[in-house]
Amino acid sequence: MLQRIQSIFLILASAALLSLLSSSMLLIGVNGDSGGAGKLLSDGALTMPEDKILMGVGVSAAIIFFIAIFLYKNRPTQSKLVIAAVMLTIVMIILAALDVYANIEGMGGNISLVPSIGSFIPFLVVLFGILALRYIKKDEKLVRSMNRLR
């Protein structure tokens with residue numbers, strides 16, 4: 001199970017998503033009046049625990065990635081779960097962008113968005129998911145070729 005490379009990618013994807021619980025995804029600097037700042041960005045950073053929907057989507061994607069590790073004997077189901085988790089991660093990226101856009105409109109003054117390390121993690125998770133999916137399909141192809149030889 002853990003000797004397969006797709007398991008390593010799935011563990012990395014799950015751990016990376018869970019690491020977003022403690023790190024900020026985006027830092028916002030406001031020069032001037034910030035009286036109209038939204039509740040999510042009032043502290044100057046977008047974090048996953050501030051938005052319950054964002055946190056729910058991220059944690060559920062991490063759980064799906066983790067569950068997919070143990071489905072190594074059922075590769076079609078494993079690949080479907082990985083596709084679902086990658087789609088949830090993409091939804092999480094879109095939700096984070098919408099949160100920033102919706103809350104930044106009310107801020108006055110000169111606004112500067114500074115991406116932190118947490119803003120690149122969802123893109124790494126998508127990459128890990130795609131790489132895991134590639135190796136799952138490679139294993140499935142190998143098993144089918146071995147079945148033809150029997």
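Modeller: Let's begin with a term: contact means heavy atoms within 4.5 Å. By that rule, and leaving out residues up to four places away in sequence, glutamate 140 touches Arg75 and Pro76. One caution: this is a predicted model, where local features need pLDDT of at least 70, side-chain atom pairs count only at pLDDT 80 or more, and totals for chains, interfaces and linings use all residues. Residues are numbered from 1 along each chain as its sequence is written, and side-chain values use heavy atoms, with hydrogens and water left out.

Biologist: Why is glutamate 140 called buried?

Modeller: Buried means under 20% relative accessible area, exposed over 50%, and partly exposed in between (1.4 Å probe, protein chains only). Glutamate 140 has 18% relative accessibility, so it counts as buried. This residue lies in helix H4. Across the protein chain, 39% of the 150 residues count as buried.

Biologist: And what makes threonine 89 buried?

Modeller: Its relative accessibility is 1%, so threonine 89 counts as buried too. Threonine 89 sits in helix H3 and touches Leu17, Ala61, Phe65, Pro122, Val125 and Val126, if you skip residues up to four places away in sequence. Threonine 89 and valine 126 are 37 residues apart in sequence, yet their C-alpha atoms are 6.8 Å apart in space.

Biologist: What counts as a helix or a strand, and how many are there?

Modeller: Both are DSSP runs numbered from the N terminus: helices are H or I with at least four residues, strands are E with at least two. The protein chain has four helices and three strands, and from the N terminus on they run α-β-β-α-α-β-α.

Biologist: What makes a set of residues a nonpolar core?

Modeller: The set must be buried Ala, Val, Leu, Ile, Met, Phe, Trp, Tyr and Cys residues joined through side-chain atoms within 4.5 Å. The largest such core here has 31 residues, and those with the most contacts inside it are Leu10, Leu17, Leu20, Phe65, Val82, Met92 and Val125. Helices H1 (5-19), H2 (52-69), H3 (75-104) and H4 (121-149) each supply at least two of its residues. H2 gives the largest share, eight residues. As for valine 125, setting aside neighbours within four places in sequence, its contacts are Ala13, Ala16, Leu17, Phe65 and Thr89.

Biologist: How do you know how H2 and H3 are oriented to each other?

Modeller: Axes are lines fitted to C-alpha atoms, for helices over the stretch in contact, and angles run from 0 to 180 degrees between N-to-C directions. The axes of H2 and H3 come within 9 Å and cross at roughly 160 degrees. That makes H2 roughly antiparallel to H3, given that angles under 35 degrees count as roughly parallel, over 145 as roughly antiparallel, 65 to 115 as roughly perpendicular and the rest as oblique.

Biologist: What about H1 and H2?

Modeller: Their axes are 8 Å apart and the angle is about 160 degrees. H1 and H2 are therefore roughly antiparallel to each other. Among the residues making the contact are Leu10 and Leu17 of H1 and Phe65 of H2.

Biologist: Which classes of residue make up that contact of H1 with H2?

Modeller: There are 11 nonpolar, three polar and no charged residues. Here Ala, Val, Leu, Ile, Met, Phe, Trp, Tyr, Cys and Pro count as nonpolar, Asp, Glu, Lys and Arg as charged, and the others, Gly among them, as polar.
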